[in-house]
Amino acid sequence: MFKNINNNQFFTLPVLDNRLHVIGEVDFEINIITSFKGVTLEVGGDLETYWKSTAVSASQTTSLAPPRTPRRPGHVGSVQASPVYTSSNGGPAQTLTISSLQGNYIYIVVQVTRDFHPVVYFDWLLPGIGFDLGIANITLTQYEDLAKSLGRDVNVKEGERVDWAKMLPNKMVSLERLLRILPPDINVLLDLAYPSESTLELYNLHRLDLNNFVDSVLRTIFDASDLQDTQFMRRKISFASFSADVCSALNWKQPNYPVFFGTICGDEEARLPTPTALGSGKDDKRAASVGAAVEFSKANNLLGVFVDAHLLVSQPGETLCDRY
């Protein structure tokens, strides 16, 4: 029964009593997350987890991340999967709630091409081609050729001052190239756009395997970390997605970067940052409310939840009880 199964495949099994009489049914969905291959997770590794490398005490504040130390190829940091703070006075350990993820971040939507190259693109359908194609329908070479033909490729001269937050939504560039040309003091929040079943049908899109999709992004991030000059401060990188499956995969595959779950809270009229936000979490019960999003995030050890602020303002009594 469980051979050759696919992610998000639904099953219904009978519930039997002690006399093997059917007394009900249970529905469930299987989602397989494989380990991230290509790097070695090592205790005390060179690239620390985000809460070890950037944590600050309540009495200390700093806008600078620690100096970046060289990393051996193929190795990442500690495999400890939960941020825990141990008191300096020998007291009991407690969950770490102070993290120096503070700072300004640029918001970047990431999708993955057919040949597994992450690219920056803020919508589901490609522009200027006269028919409906998504990022997963084309290769990186085709994507870059299209960007050049539309004048949407990124050409930044060394030392040129750029408002990256305003420029990127109208540009088409690979994530690998962006991380090379982006100044190391600019922090990034990567929103991984992965279409839901209803979005696939609506736009007639192709969707990559979940594990291949996430692995390609992680591989690009870790490779970019290898290429960065050790004299620079480490760039702060955080992950987010409006797809619950992507958030689960991101958090269970690596311990080095924090993961946030974006939710529309069942409100399709919510003020969302991009069209891909609604298309990633649409019809998912885990994103149907703040309470459901918090429950899912706790179960998967995510760092937090992104919600539209007007929900907190309009119904504070109902939403504040779901904090964690």
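Are Tyr194 and Phe213 buried or exposed?

A: Both Tyr194 and Phe213 are buried. Buried means under 20% relative accessible area, exposed means over 50%, and partly exposed is in between, using a 1.4 Å probe and protein chains only.

Before we go further, a word on the model. It's a predicted one, where local features need pLDDT of at least 70 and side-chain atom pairs count only at pLDDT 80 or more, while totals for chains, interfaces and linings use all residues. Residues are numbered from 1 along each chain as its sequence is written, and side-chain values use heavy atoms, with hydrogens and water left out.

Back to the rings. Rings of Phe, Tyr and Trp (its six-membered ring) pair if their centres lie within 6.5 Å; planes under 30 degrees apart are stacked, over 60 edge-to-face, and the rest tilted. That rule gives eight aromatic pairs. One of them is Tyr194 with Phe213, a tilted pair with 4.9 Å centre to centre and 55° between the planes. This pair links distant parts of the chain, 19 residues apart: Tyr194 sits in the loop between strand E10 (187-192) and helix H5 (197-203), and Phe213 in helix H6 (residues 210-227). Those labels come from DSSP runs, numbered from the N terminus: helices are H or I with at least four residues, strands are E with at least two.

Next come Phe239 and Tyr257, an edge-to-face pair at 6.0 Å centre to centre, with 85° between the planes. Phe239 is in strand E11 (residues 237-241) and Tyr257 in the loop between helix H7 (244-253) and strand E12 (259-262), so the pair ties together parts that are 18 residues apart in sequence. Phe239 and Tyr257 are both buried. Ring pairs also link Phe36, Phe222, Phe239 and Tyr257 into a cluster.

Now for E11 and E12 in their sheet. Two strands pair if DSSP finds at least two bridges between them. Seven strands make up an open sheet of mixed pairing, in the order E9-E8-E7-E10-E11-E12-E13. Strand E9 (173-174) and strand E13 (304-306) are at the edges with a single partner strand each, so one side of each has no neighbour in the sheet. E12 and E13 run parallel, joined by three bridges; Phe261 has Val305 in E13 as its bridge partner. H7 packs on this sheet and touches E10, E11 and E12, its direction making about 170° with that of E12. Here contact means heavy atoms within 4.5 Å, and axes are lines fitted to C-alpha atoms, for helices over the stretch in contact, with angles from 0 to 180 degrees between N-to-C directions.

A salt bridge is a side-chain nitrogen of Lys or Arg within 4 Å of a carboxyl oxygen of Asp or Glu, and the whole structure has five. In one of them, Asp245 meets Arg286 at 3.0 Å, N to O. Asp245 is in helix H7 and Arg286 in the loop between helix H8 (275-281) and H9, 41 residues apart, so to speak distant parts of the chain that the pair links. Asp245 is buried at 7% relative accessible area, whereas Arg286 is partly exposed at 26%. Arg286 forms a salt bridge with Asp284 too, where the closest N and O atoms are 2.9 Å apart. Shared partners join Asp245, Asp284 and Arg286 into one network of salt bridges.
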